[in-house]
Amino acid sequence: MRFPLGKVRLHGDLIAPEDAQGLVVFVHGSGSSRHSPRNRSVARFFNGLGMATLLFDLLTEEEQPIDEVTRQFRFDIPLLGERLSGVVDQLRANADLRALKIGLFGASTGAAAALIAAAARPTDIAAVVSRGGRVDLAADVLDKVRAPSLFIVGELDSEVLALNRQAAERLQCPHDLAVVAGATHLFEEPGTLEEVERLAGQWFLRHLAG
């Protein structure tokens, strides 16, 4: 899919199983992309549960290499949140997709962008899941988020875990904090990413299906 946003055009890959029970939009974190094998593995898991998935890049093909060196875009959370909101608007205008409830699956700085978009589009976003998210970077909008939100953090990711606990206390929506035993920030330990898939899949099925 192509998402024109002013002078910017973003690229995404949509997979929609027949009779999809919802649409999960991936909001990648720092340095990641829609081509990430781990992101694609999680997307396939959601597809197996009957949900459509959209993997897209918040940065353009020109911005990506610049960000790899300078990191100037990945922490521009207002910019990322604005772009995500624009993508959500176009998904809602798509005749083939508008009937599907939308969930946002954010990681690292992408989780902050997901929360900003959820606050900006309260009638369009039905659920949010953050995986190791820098949800503290969305501090200004946490009390405005209405979508049920799940924060998943690794047990050994102590700094991010503390930030997530503080952020969760500010949420006014239904929410939960899940701590994955033995996991660090990237959930690279055996079985930990699978636990993320299970927790996120249950959350999205609960709030998107039907």
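1. I begin with the second largest cavity, keeping in mind that the model is predicted: helix 1 supplies the largest share of the lining of this cavity, namely 3 residues. The complete lining consists of R38, N39, V42, F105, R131 and L193, and by class these residues fall into 3 nonpolar, 1 polar and 2 charged.

2. As for its volume, the second largest cavity comes to about 30 Å³, and the count stands at 2 cavities of 30 Å³ or more.

3. How do helix 1 and helix 6 pack, and at what angle? Helix 1, spanning residues 37–48, packs with helix 6, spanning residues 192–208, at an angle of about 45°, and their axes lie 10 Å apart. Because angles of 65 to 115 degrees count as roughly perpendicular and those under 35 degrees as roughly parallel, that angle makes helix 1 oblique to helix 6. The crossing in which helix 1 passes helix 6 is right-handed.

4. On the side of helix 1, the residues that meet helix 6 are R38, S41, V42, F45 and F46, while helix 6 contributes L193, E197, R198, A200, G201 and F204. Sorted by class, the residues of this contact between helix 1 and helix 6 comprise 6 nonpolar, 2 polar and 3 charged. R38, V42 and L193, which take part in this contact, are also among the residues that line the second largest cavity.

5. A further pair to examine is helix 3, residues 77–93, and helix 4, residues 109–120, which pack at an angle of about 55° with their axes 8 Å apart. Helix 3 and helix 4 are therefore oblique to each other, and their crossing is right-handed.

6. Which residues make the contact between helix 3 and helix 4? From helix 3 come I77, L80, G81, L84 and S85, and from helix 4 come T109, A112, A113, A114, I116, A117 and A120. This contact of helix 3 with helix 4 divides into 9 nonpolar and 3 polar residues, with no charged residue.

Note on methods:
Residues are numbered from 1 along each chain as its sequence is written. This is a predicted model: local features need pLDDT of at least 70, side-chain atom pairs count only at pLDDT 80 or more; totals for chains, interfaces and linings use all residues. Side-chain values use heavy atoms; hydrogens and water are left out. Axes are lines fitted to C-alpha atoms, for helices over the stretch in contact, and angles run from 0 to 180 degrees between N-to-C directions. Helices (H or I, at least four residues) and strands (E, at least two) are DSSP runs, numbered from the N terminus. Angles under 35 degrees count as roughly parallel, over 145 as roughly antiparallel, 65 to 115 as roughly perpendicular and the rest as oblique. A crossing is left-handed if the near helix is turned anticlockwise from the far one by less than a right angle, and right-handed if clockwise. Contact means heavy atoms within 4.5 Å. Ala, Val, Leu, Ile, Met, Phe, Trp, Tyr, Cys and Pro count as nonpolar, Asp, Glu, Lys and Arg as charged, and the others, Gly among them, as polar. On a 1 Å grid over the protein atoms alone, a cavity is a set of points where a 1.4 Å probe fits but cannot get out, and a pocket is an open set with protein on both sides within 12 Å along at least five of seven lines; lining residues have an atom within 4 Å of a point. Grid points are joined across faces, edges and corners, and a volume is the space filled by probe spheres set on the points.
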